[in-house]
Amino acid sequence: MAASPSPLSSTPSLYVVATPLGNLQDITLRAQAVLASVEAIAAEDTRHSQRLLDALGIRSRLLALHEHNEQAAVGQVIRMLEAGQHVALISDAGTPAVSDPGARAVARVREAGFPVVPVPGACAAIAALSAAGFVDNGFHFVGFLPARQAARKAAIESLRAQAVPLVFYESPHRIAECVADLADVLEPQREIVIARELTKIYEQIVRMPLADAAAWLAEDANHTRGEFVLIVSAAPAVEGIGAEAERVLGLLLAELPVKSAARLTAEITGASRNALYARALELKGG
Ligand code: SAM
């Protein structure tokens with residue numbers, strides 16, 4: 001039987017390989033082939049990733065690449081590429097470089113002039129979105145909100161008028177605080193999807209009004225365990241203006257007088273200038 005063709009390119013490359021979020025069967029055939037063929041795999045936590053490689057029967061060398069050794073580790077990856085070797089990058093779970101340290105490694109390898117090849121697969125945000133049942137066109141991926149409450153609330157406020165669902169990552173340590181702040185800053189009638197432990201035994205995906213989410217988290221200790229993706233529905237349409245006009249008006253009002261902000265927003269969005277003027281006065285007054 002002929003040997004299967006190499007999954008690697010003829011040019012030394014960095015392969016950004018998605019790994020499962022929890023369910024081992026979510027590894028793709030291509031990911032397995034690439035991981036088994038590269039000279040080294042850069043991983044956030046080598047002990048964690050060794051368990052994945054052992055389960056897949058892959059013996060490629062692991063090297064640690066995390067926030068604290070990033071400079072040196074990326075230097076080593078680039079030297080390997082210069083020596084004609086192929087390297088893969090994986091994170092603890094899901095797609096590297098999405099809300100994890102891999103992003104900076106990818107940027108540096110690209111700057112060094114080497115190809116970066118995505119090997120797509122599981123991604124927590126996309127898995128949650130695919131099961132959330134929001135019908136909007138598009139979404140706004142936020143990732144992790146700031147850890148400190150004042151900065152977190154300010155960040156949520158800046159997202160309030162987004163006309164598409166908002167997607168957040170959150171850890172079990174901060175899930176209750178984060179949900180409380182979302183409910184505090186955003187309109188209580190907005191819906192939230194709480195997706196925890198995706199693809200794992202205790203996977204749970206629930207949807208409810210934002211106003212009910214704190215009580216849901218508090219009603220069972222298990223509800224605050226595990227890994228979370230939160231999705232909050234789009235800004236409710238503001239009568240007579242629309243969410244996009246509301247967003248543009250908010251931005252312009254931070255820089256311009258009421259009249260100019262209303263006029264420009266009307267030009268940009270097509271919403272009624274009078275309605276915008278009235279809303280701008282409300283916003284300035286409040
Ligand atoms: N790059 C990865 C991705 O996009 O798939 C995510 C990396 S980020 C450091 C880790 C966060 O992803 C967790 O805190 C959680 O918010 C989310 N996450 C990872 N695995 C998850 C799972 N099984 N269920 C729900 N959320 C998960």
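Select Gln162. With a relative accessible area of 17%, Gln162 is buried (buried is under 20% relative accessible area, exposed over 50%, partly exposed in between, with a 1.4 Å probe and protein chains only). Gln162 sits in the loop between helix H6 (149-159) and strand E7. Helices (H or I, at least four residues) and strands (E, at least two) are DSSP runs, numbered from the N terminus.

Before moving on, note that this is a predicted model: local features need pLDDT of at least 70, side-chain atom pairs count only at pLDDT 80 or more, and totals for chains, interfaces and linings use all residues. Residues are numbered from 1 along each chain as its sequence is written, and side-chain values use heavy atoms, with hydrogens and water left out.

Which residues does Gln162 touch, not counting residues up to four places away in sequence? Show His140, Arg190, Ala234, Ala235 and Arg247. Contact means heavy atoms within 4.5 Å.

**Next stop: Phe139**

Go to the loop between helix H5 (124-132) and E6, where Phe139 lies. Its relative accessible area is 38%, so Phe139 is partly exposed. Leave aside neighbours within four places in sequence, and Phe139 is in contact with Ile126, Leu129, Val164, Pro165 and Val167. The C-alpha atoms of Phe139 and Ala245 are separated by 17 Å, and the two residues are 106 apart along the chain.

**The aromatic rings**

How many aromatic pairs does a search of the whole structure find? The search finds two. Rings of Phe, Tyr and Trp (its six-membered ring) pair if their centres lie within 6.5 Å; planes under 30 degrees apart count as stacked, over 60 as edge-to-face and the rest as tilted.

Select Phe141 and Tyr169. This pair is edge-to-face, at 5.2 Å centre to centre with 75° between the planes. Phe141 belongs to strand E6 (residues 140-144) and Tyr169 to strand E7 (residues 166-170), so the pair ties together parts that are 28 residues apart in sequence. Tyr169 is buried, at 9%.

Phe144 counts as partly exposed, at 45% relative accessibility. Show the three together: ring pairs link Phe141, Phe144 and Tyr169 into a cluster.

**Helix H3**

Select residues 70-82. This is helix H3, with 13 residues. At 1.5 Å a residue, H3 should span 18 Å, and its end C-alpha atoms are 18 Å apart, which agrees. The expected span is 1.5 Å times one less than the number of residues.

Which residues of H3 are buried? They are Glu70, Ala73, Val74, Gly75, Val77, Ile78, Met80 and Leu81. An α-helix has 3.6 residues a turn, so residues three or four places apart point the same way. Now show what covers the buried residues of H3. The cover includes strand E1 (14-17), strand E2 (40-43), strand E3 (61-64), strand E4 (87-90) and helix H4 (102-111). Just after H3, click Gly84, which takes a positive phi of about 90°.

**Two more phi angles**

Most residues other than glycine have a negative phi. Select Ala97, in the loop between E4 and H4. Ala97 is not a glycine, yet has a positive phi of about 75°. At 29% relative accessibility, Ala97 is partly exposed.

Then jump to Thr199, in the loop between E8 and strand E9 (204-209). Its phi is positive too, near 70°, in a residue other than glycine. Thr199 is partly exposed, with a relative accessible area of 24%.

**Last stop: the largest pocket**

Select Leu21, Asp92, Ala93, Gly94 and Glu227. Of the 36 residues that line the largest pocket, these are the closest to its centre. On a 1 Å grid over the protein atoms alone, a pocket is an open set of points where a 1.4 Å probe fits, with protein on both sides within 12 Å along at least five of seven lines; lining residues have an atom within 4 Å of a point.

Which element gives the most to this lining? Select H2, which supplies five residues.
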